[in-house]
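Trainee: I have a new model open and would like to go through it with you before I set anything up. Could you take my questions as they come?

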Amino acid sequence: MTARKRENSIDVDSLGHITEHDFTDEHIKAVIDLKAVDEINVRAAGFKVVVDAINSVGAIIMPRLLEELGVECVCLNSTPNGDFAHNPEPLPKNLVDLSQAVIDEHADLGISVDPDVDRLAFICENGEPFVEEYTLVSVADYLFERVASVAESEGISLEEATAPYRPVSCSNLSSSRALRDVTEKWGGTYYAAAVGEVNVTTKMRAENALIGGEGNGGVIYPASHYGRDAMVGVALFLSNLAAKRVTASELKKSYPQYFIAKNRIELSDPALIDKILSELKVIYAAEDVNDIDGVKISFEASKEWVHLRKSNTEPIIRIYAEASTEERANELAESVIAVAKKIIAE
């Protein structure tokens with residue numbers, strides 16, 4: 001029996017066959033073919049950008065997308081070997097070299113992506129951060145302005161102009177209020193979801209949202225797919241910049257200006273976390289309180305908010321606060337922290 005098996009066996013190298021297919025070009029084409037991507041206007045703008053690809057996959061795909069859009073691209077850290085040139089999180093403190101390169105190259109924009117090219121942050125032409133919270137804000141503003149223009153010119157409702165989606169935006173509770181502001185400016189509706197991409201996409205599907213994402217630079221555009229995609233974000237952002245014919249810094253100034261402060265409370269007794277969150281809901285019951293993910297207290301009169309979330313791994317409460325100035329955001333956070341400490345002392 002063993003001999004017969006050996007006689008009839010096939011060498012493993014003869015089994016099946018291998019086919020190679022590069023889906024990069026297909027994805028690039030799918031992005032450029034999106035209705036909202038204005039390839040002609042972007043190409044005519046003659047943009048020059050600097051991309052920080054941190055030696056990851058962005059070094060392969062981002063320059064190819066920009067080339068197809070007719071954008072001149074200077075690429076930093078362009079060897080896709082996975083040896084990150086710096087902390088890969090696209091925060092201003094990690095993008096000092098990109099900021100300087102934008103100035104040195106006289107570029108219109110700096111583009112930073114994370115290792116898997118889903119988060120996206122920009123640097124303005126003057127080397128200043130566009131701020132990652134405003135990546136989604138700018139894209140949403142462009143999309144809502146676009147459908148509002150169609151509604152007006154064709155004499156139809158915003159709902160009809162947005163079809164097959166609804167004039168709705170979504171982000172998580174810790175993202176900037178600026179998204180809500182630009183959405184409502186164009187007659188749309190904003191919804192908040194619990195923190196986490198899956199929670200945002202679930203809410204987006206439920207509301208059939210036009211656009212959504214997270215304040216960490218994650219753009220989710222259902223007309224493309226339900227996932228954060230920096231390539232889609234870049235194409236839409238450049239379309240917005242080309243349509244408005246302004247610099248990136250001028251575009252940033254056109255949006256509601258908010259600042260987010262991040263703090264935390266460390267606790268020796270994890271049992272205190274639920275007590276604090278529960279009592280804060282009672283104390284601030286007169287305000288707009290959302291408890292789908294921790295406790296978010298929105299002070300509608302001043303357009304400020306504080307969001308408290310417990311960590312799943314440490315006995316701490318993370319506290320995010322947003323206001324019109326950085327100083328005020330910190331003051332707001334400290335005032336709620338003081339209330340929390342009083343609860344602990346009781």
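Trainee: To start with, how many helices and strands are there in the protein?

Mentor: The protein has 13 helices and 13 strands, where helices (H or I, at least four residues) and strands (E, at least two) are DSSP runs numbered from the N terminus. Bear in mind that this is a predicted model, in which local features need pLDDT of at least 70 and side-chain atom pairs count only at pLDDT 80 or more, while totals for chains, interfaces and linings use all residues. Residues are numbered from 1 along each chain as its sequence is written, and side-chain values use heavy atoms, with hydrogens and water left out.

Trainee: What does the C-alpha trace span along its principal axes, and what share of the residues count as buried?

Mentor: The C-alpha trace spans about 80 × 70 × 45 Å along those axes. Of the 346 residues, 48% count as buried, and buried here means under 20% relative accessible area, with exposed over 50% and partly exposed in between (1.4 Å probe, protein chains only).

Trainee: And what about contacts between residues 24 or more positions apart?

Mentor: Such pairs account for 63% of the contacts with a separation of 6 or more, a contact being heavy atoms within 4.5 Å.

Trainee: Okay, sheets. What is the order of the four strands in the open sheet?

Mentor: The order is β2-β1-β3-β4, and the pairing is mixed; two strands pair if DSSP finds at least two bridges between them. The edge strands, each pairing on one side only, are β2 (72-76) and β4 (120-123).

Trainee: How do β1 and β3 run?

Mentor: Strand β1 (residues 48-52) and strand β3 (residues 109-113) run parallel and are joined by four bridges.

Trainee: Switching to β7: how many of its residues are buried?

Mentor: Six of the six residues of strand β7 (residues 209-214) are buried, which leaves the strand mostly covered. β7 pairs with strand β5 (residues 166-172) in the parallel sense over four bridges, and R166 stands opposite A209 there.

Trainee: Is its pairing with β8 parallel or antiparallel?

Mentor: β7 and strand β8 (residues 218-220) pair in the antiparallel sense, over three bridges, and E214 has G218 in β8 as its bridge partner. Their hairpin has three residues between the strands, and in it G217 takes a positive phi near 95 degrees.

Trainee: Which residues other than glycine have a positive phi?

Mentor: N77 is one of them, with phi near 50 degrees, and V117 is another, with phi near 55 degrees. N77 is found in the loop between β2 and α5 (96-104), whereas V117 lies in the loop between β3 and β4.

Trainee: Is V117 buried or exposed?

Mentor: V117 counts as buried, because its relative accessibility is 7%. N77 counts as partly exposed, because its relative accessibility is 27%.

Trainee: Last one: where is the cis peptide bond?

Mentor: A cis peptide bond joins A163 and P164, with omega about 15 degrees, and P164 is found in the loop between α7 (158-162) and β5.
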